[in-house]
Amino acid sequence: MIEIKKLRIDKILSSMGIGSRKEVKKYIKNGLVKINGEIIQDPGFLLNPHMQEIVFQGEEIRYQQFRYYMLNKPAGVISATEDKHDRTVIDLLAPQERQDLFPVGRLDKDTEGLLLLTNDGKLTHNLLSPKKRIPKTYFAKVQGQVTKEDQIAFEIGVVLEDGYQTLPAQLDILSSGDISKVEITIYEGKYHQIKRMFLSRGQKVLYLQRLSMGNLKLDENLATGDYRPLTQEEIEKIIV
Ligand code: URA
């Protein structure tokens, strides 16, 4: 049984991506919204969206308390909800979809790939909790050769420049040469962790892309910079 307190109709509609709070207020005042078959014109009208039927311009609106999006983060944007200087991952969303969303953790400005955006604080907390040891897999291009010794060092745990010893991580060497290609799975999320792990081995990461987080994989058909809602199946995979 979902327990939910009563919410304002304007808040519900804007959180469902119908429009900004201001636009939604106008729609309501103009009589475009029906609740249980009756037009209501008060934007502050309180209702339980799981118990009462909401219709906007003839279409039923199914309320979802939590929303989940997969973003294929491009380089050059920061993982925050707002910033004075840089574009953020939230700026990549259509304005009506931004409401309440925040990124689950951070990818560096120059890192690409899977970033989950949601308004579900509890899930975010669980996914980021060090106790849960959620695996995160990255593809990286590294300057110079990556060797079996690096693989063993990561498996044992390396000591970063600040003295922190990392948890065991798996390193798959896809190719080794002037620029090596690897996949690496870590179970924690320290600041610049992968770059610093390679630095501890005297190597520089040239490119970094997150491929997965827990059981959630980056959709290969999602172009860099694009996003889409998670499917029900994906939501179930990510709930921890
Ligand atoms: N490790 C890094 O160094 N950067 C990221 O963005 C993610 C993991």
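**Group meeting: strands, domains and a ligand pocket**

Let's start with a hairpin. β11 and β12 form it, with three residues between them. Please keep in mind that this is a predicted model.

Stay with that pair for a moment. β11 covers residues 170-175, and five bridges join it to β12. The two strands run antiparallel.

Now go to the next partner. β12, residues 179-186, also pairs with β10, residues 136-143. That pairing is antiparallel too, over eight bridges. Look for Lys136 in β10. Which residue is the bridge partner of Lys136 in β12? The partner is Ile186.

From β10 we step across again. β10 and β13 pair in the antiparallel sense, over seven bridges. Here Lys141 stands opposite Tyr207 in β13.

Gly113 has Arg210 of β13 as its bridge partner. Then there is β14, residues 216-217. Two bridges join β14 to β13, and these strands run antiparallel. Ser212 stands opposite Lys217 there. β13 and β14 make a hairpin of their own, with two residues between them. Check Gly214 in that turn: the phi is positive, about 55 degrees.

One general point while we look at strands. In a regular strand, side chains alternate between the two faces of the sheet.

Next, the domains. How is the protein divided? Domain 1 is 7-60. Domain 2 comes in two pieces, 68-130 and 216-238. Domain 3 is 136-213. Take the C-alpha centres of domain 1 and domain 3: they lie 50 Å apart.

Let's visit another sheet. Four strands form it, in the order β3-β2-β5-β6. The sheet is open, and the pairing is antiparallel. Why do β3 and β6 each have one side left without a neighbour in the sheet? β3 (38-39) and β6 (59-60) stand at the edges with a single partner strand each, so one side of each has no neighbour there. Further in, β2 (residues 33-35) and β5 (residues 54-56) pair over three bridges, antiparallel. Ile35 has Ile54 of β5 as its bridge partner.

Last topic: the ligand. The space it takes is the largest pocket. Who is around it? Leu107, Asp108, Thr111 and Tyr138 are among the residues there.

Asp108 has a polar side-chain atom 2.7 Å from a nitrogen atom of the ligand. Ile194 uses the backbone: a polar atom there is 3.1 Å from a ligand nitrogen. Lys195 places a backbone N or O atom 3.1 Å from an oxygen atom of the ligand. How much of the ligand does the protein cover? On its own, the ligand has 240 Å² of accessible area, and the protein covers 96% of that.

To recap, with two stops to revisit.

How values were computed:
Residues are numbered from 1 along each chain as its sequence is written. This is a predicted model: local features need pLDDT of at least 70, side-chain atom pairs count only at pLDDT 80 or more; totals for chains, interfaces and linings use all residues. Side-chain values use heavy atoms; hydrogens and water are left out. Two strands pair if DSSP finds at least two bridges between them. Domain bounds come from an automatic or database domain assignment. A residue is near a molecule or strand if one of its heavy atoms lies within 4 Å of it. A polar contact is a pair of N or O atoms within 3.5 Å; within protein, one must be able to donate a hydrogen and the other to accept it, and residues adjacent in sequence count only if both atoms are side-chain atoms. Accessible areas come from the Shrake-Rupley method with a 1.4 Å probe; for residues, only the protein chains shown count as cover. On a 1 Å grid over the protein atoms alone, a cavity is a set of points where a 1.4 Å probe fits but cannot get out, and a pocket is an open set with protein on both sides within 12 Å along at least five of seven lines; lining residues have an atom within 4 Å of a point. A molecule sits in a cavity or pocket if more than half of its atoms lie within 2 Å of its grid points.
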